[in-house]
Amino acid sequence: MALRYLSGVQPSGQLHLGNYFGAIRSHIENQDGAFYFIANYHALTTIQNAEVLRKNILDAACTYLALGLDPERATFYRQSDIPEVTELSWLLSTVTGMGLLERAHSFKEKKARGLPATMGLFTYPILMAADILLFDADVVPVGPDQVQHVEMTRDMATYFNTTYGETFKLPKFELGTPVPVPGLDGEKMSKSYGNFIPIFERGKALKKLVMSIKTDATPLEDPKDPEKCSVFALYRLFASPEQIEQMRQNYAGGNYGYGHAKLALLDVIQERFADAYAKYDHFQSHPDEVEDILRAGAKKARAVARNRLDAARKACGLD
Ligand code: TRP
C-alpha cells in the first residue's frame with residue numbers, strides 16, 4: 001500500500017513564493033492518493049472577519065487548483081465541511097494533558113506576538129491531531145514550524161490507544177529539503193514580516209515588488225557576489241541551470257546592475273506561472289466550479305473520517 005500523505009494549509013491571506021517553495025510545490029508533486037485541505041477552522045484563531053475569511057478560502061482553493069492540484073488524484077476539501085474533525089477533537093481533548101499543550105512553541109510564540117490567547121489557539125494542536133488521525137495519515141509533509149504539532153499528534157494517538165485500545169495509526173512528519181526563500185528585505189519570506197511576493201501578483205504590481213528587493217550598494221560597474229544577493233537567490237529557484245550559470249557570469253563580470261538582474265527575475269517568475277495565471281483567473285471567476293470540487297472532495301473525505309470516528313466512539317463506549 002502506498003503511504004497516505006495528508007496536509008492542511010491555513011487560508012491566512014495571499015499565498016506567497018515562500019509557501020510555494022516550502023510546501024505547495026511538494027504537496028502537488030505528492031498528490032496521488034493524498035488528502036489536502038484548507039484548514040479554515042484553524043484560521044479562526046487569527047482571522048475573525050467573515051468576509052476576509054471567505055475570500056481567503058476561495059483564494060487558497062484557486063491557488064492549489066491553478067498550480068496543479070488535481071481533484072481526481074488527491075482528495076481536496078475544506079476542513080469545515082468535515083464535522084467529524086470537531087467531534088474527534090473533543091474525544092482527544094479528554095486524554096490530552098494541559099501540560100502537553102502548554103509546551104507548544106507555536107502557542108507561546110503567537111501569544112508573545114500579541115494574539116489573543118483563546119481556548120482555540122491553545123487547543124489548536126488537538127484540532128490538528130484530529131485532522132490527521134481521522135484519515136489514517138502515514139506522512140504529514142510540513143514546514144519546520146509544524147513538526148512539534150505532528151509529534152504532539154503522535155502523543156495524543158498514543159494516549160488514546162493506551163486508554164481505549166489500538167484505534168489510531170501514528171503519523172510521521174516529513175520535512176522537505178529546506179529551500180531558503182528570501183523576502184524583499186532579505187529576511188525569510190513570511191506573511192508576518194510583510195516582506196512577501198504573492199504567487200498570483202501580476203503585471204505592474206509584481207514588477208514593483210521585484211524592483212523593491214533590497215540589494216547592497218555595489219556600483220553598477222563592479223563585480224557582484226551572487227551568493228550574497230536575494231535577487232540571485234530567488235532567480236535560482238526559477239531559472240534553468242544554464243540561466244543560473246549565465247547569471248553567475250553576469251554578476252562576476254561587472255557592468256551588470258541589480259536592476260538588470262531584477263528584470264531577469266521578473267521574466268522567470270512570469271514564465272514559471274504563465275499557465276497557472278490563466279487557471280487561477282478561470283477559477284476566481286467560476287467560484288461555483290471551485291465549490292463543486294470542494295464539496296465532492298468533502299464527500300470522499302467524510303466517508304473515510306466517519307469510519308475512523310465510529311471506531312473511536314466505540315472504543316470509548318459511545319456506540
Ligand atoms: N497548522 C498548519 C499550519 O499552520 C495547518 C494544518 C492544520 C495542518 N491541520 C493540519 C497541517 C494537519 C498538517 C496536518 O501550517
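1. Asn40 touches Pro11, Leu53, Ile57, Arg78, Gln79 and Ser80, leaving aside residues up to four places away in sequence. The model is a predicted one. Asn40 sits in helix H2, which runs over residues 40-43. Its relative accessible area is 5%. Asn40 therefore counts as buried, because the cut-off for that class is under 20%.

2. Now the ligand. The shell around the ligand holds 14 residues. Gln10, His42, Tyr124, Asp131 and Gln146 come nearest.

3. For Tyr124, an N or O atom of the side chain is 2.7 Å from a nitrogen atom of the ligand. For Asp131, the distance from a polar side-chain atom to a ligand nitrogen atom is 2.7 Å. For Gln146, the corresponding value is 3.0 Å. The ligand on its own exposes 360 Å². The protein buries 90% of that area.

4. Which elements each supply at least two residues of the shell around the ligand? They are strand S1 (6-9), helix H8 (124-133) and strand S4 (139-142). H8 gives the most, with four residues.

5. What is the make-up of the shell around the ligand, by nonpolar, polar and charged residues? Eight residues are nonpolar, five are polar and one is charged. Asp131, one of the residues that come nearest to the ligand, has a polar side-chain atom 2.7 Å from a ligand nitrogen atom.

How values were computed
Residues numbered from 1 in each chain as written. Predicted model: local features only at pLDDT ≥ 70, side-chain atom pairs only at ≥ 80, totals over all residues. Heavy atoms only, no water. Near = heavy atom within 4 Å. Polar contact = N/O pair within 3.5 Å; in protein donor to acceptor, adjacent residues only side chain to side chain. Areas by Shrake-Rupley, 256 points an atom, 1.4 Å probe, with all protein chains shown as cover. Nonpolar A, V, L, I, M, F, W, Y, C, P; charged D, E, K, R; others polar. Buried < 20%, exposed > 50% of the residue type's maximum accessible area, 1.4 Å probe, protein only. Contact = heavy atoms within 4.5 Å.
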